Amino acid sequence: MSFIVGDGARRDGLGDAVRAGDGAPPQAPEAVPGLRYFPGWLTPDAGETLLSSIDAAEWSEELRRRVQHYGHRYDYGRRSVAADSRAGVAPPLPAWAREQAVRLVREGILDQAADQAIINEYHPGQGISPHVDCVPCFGPVVAAISLGSACVMDFTDPGDGTKVAVPLAPGSLCVMTGPARYTWRHGIAARKSDPGPAGRVPRGRRVSVTFRTVVEAVVEAVVEPAR
Ligand SMILES: O=C(O)CCC(=O)C(=O)O
Ligand SMILES: [Fe+2]
């Protein structure tokens with residue numbers, strides 16, 4: 001697997017990037033081993049409240065899509081997690097995110113509370129390159145809440161090339177474990193509509209909130225000012 005440095009379109013995932021998905025018809029999440037899907041994890045009202053809290057915070061424009069990092073900053077170029085969680089590097093998880101982290105443990109989805117969260121914003125036409133979330137950086141479970149618009153996430157088994165297109169509804173929780181976490185790639189094609197059971201489904205603005213546990217964080221070198 002290669003990581004293409006200098007190609008901005010591909011320097012956006014949390015691991016190794018490959019080609020974008022091709023719009024296969026939607027399938028059930030069970031077709032991807034280790035993928036768990038919980039529709040209605042949040043009520044529409046709870047989703048709206050969460051989105052307002054997210055939009056009240058500062059977005060980073062470092063990628064083509066806007067992101068927010070909490071707990072630890074993920075460095076997309078180096079593919080590493082910064083050990084330092086001082087303000088300015090990454091703010092601590094906000095109260096709403098801590099509440100979700102506690103609920104994920106209470107409901108048996110994560111064994112320990114997530115200490116890192118990345119929020120992604122996608123406008124129609126934006127996506128995320130197919131990737132495996134950084135293996136040394138993060139623990140065995142990655143959980144993502146979808147807010148705003150629905151979208152289709154494409155999963156690919158690099159072993160035999162199987163592709164599965166999984167629709168993610170607003171308010172749902174998508175949990176990657178086992179092969180879905182460690183072997184299969186996931187990505188969102190940069191397009192304005194997705195294939196649905198009855199034709200194309202136009203996308204609106206979607207925001208995802210992704211929770212992880214940090215396994216290996218890198219202490220970044222402190223550069224002394226020149227005397
Ligand atoms: O937007 C999503 O649901 C997933 C984003 C993602 O794959 C990631 O942040 O690693
Ligand atoms: Fe990911």
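Let's start with one pair: A117 sits across from F211 of β14. This is a predicted model, where local features need pLDDT of at least 70, side-chain atom pairs count only at pLDDT 80 or more, and totals for chains, interfaces and linings use all residues. Residues are numbered from 1 along each chain as its sequence is written, while chains are lettered from A and ligands numbered from 1 in the order in which they are written.

Two terms next. Helices (H or I, at least four residues) and strands (E, at least two) are DSSP runs, numbered from the N terminus. Two strands pair if DSSP finds at least two bridges between them.

Now the sheet. It is open, with six strands in the order β1-β10-β7-β14-β5-β2. The pairing is antiparallel. β1 (35-38) and β2 (67-70) are the edge strands, each pairing on one side only.

Look at β14. Seven bridges join it to β5. Six bridges link β14 with β7. There, I145 has V209 as its bridge partner. How many residues of β14 are buried? Seven of its seven. Buried means 20 or more other C-beta atoms within 10 Å of the residue's own, with C-beta atoms placed from the backbone. R206, S208, T210 and R212 point one way; V207, V209 and F211 point the other.

On to β7, residues 142-148. It pairs with β10, residues 173-176, over four bridges. A144 stands opposite C174 there.

Last, a helix. α2 (residues 95-106) lies across β2, β5, β7 and β14. It runs at about 60° to β14. Angles run from 0 to 180 degrees between N-to-C directions, with axes fitted to C-alpha atoms, for helices over the stretch in contact. Contact means C-beta atoms, placed from the backbone, within 7 Å.

How values were computed. Two residues are in contact if their C-beta atoms, placed from the backbone, lie within 7 Å. A residue is buried if 20 or more other C-beta atoms lie within 10 Å of its own, exposed if 12 or fewer, and partly exposed in between; C-beta atoms are placed from the backbone.
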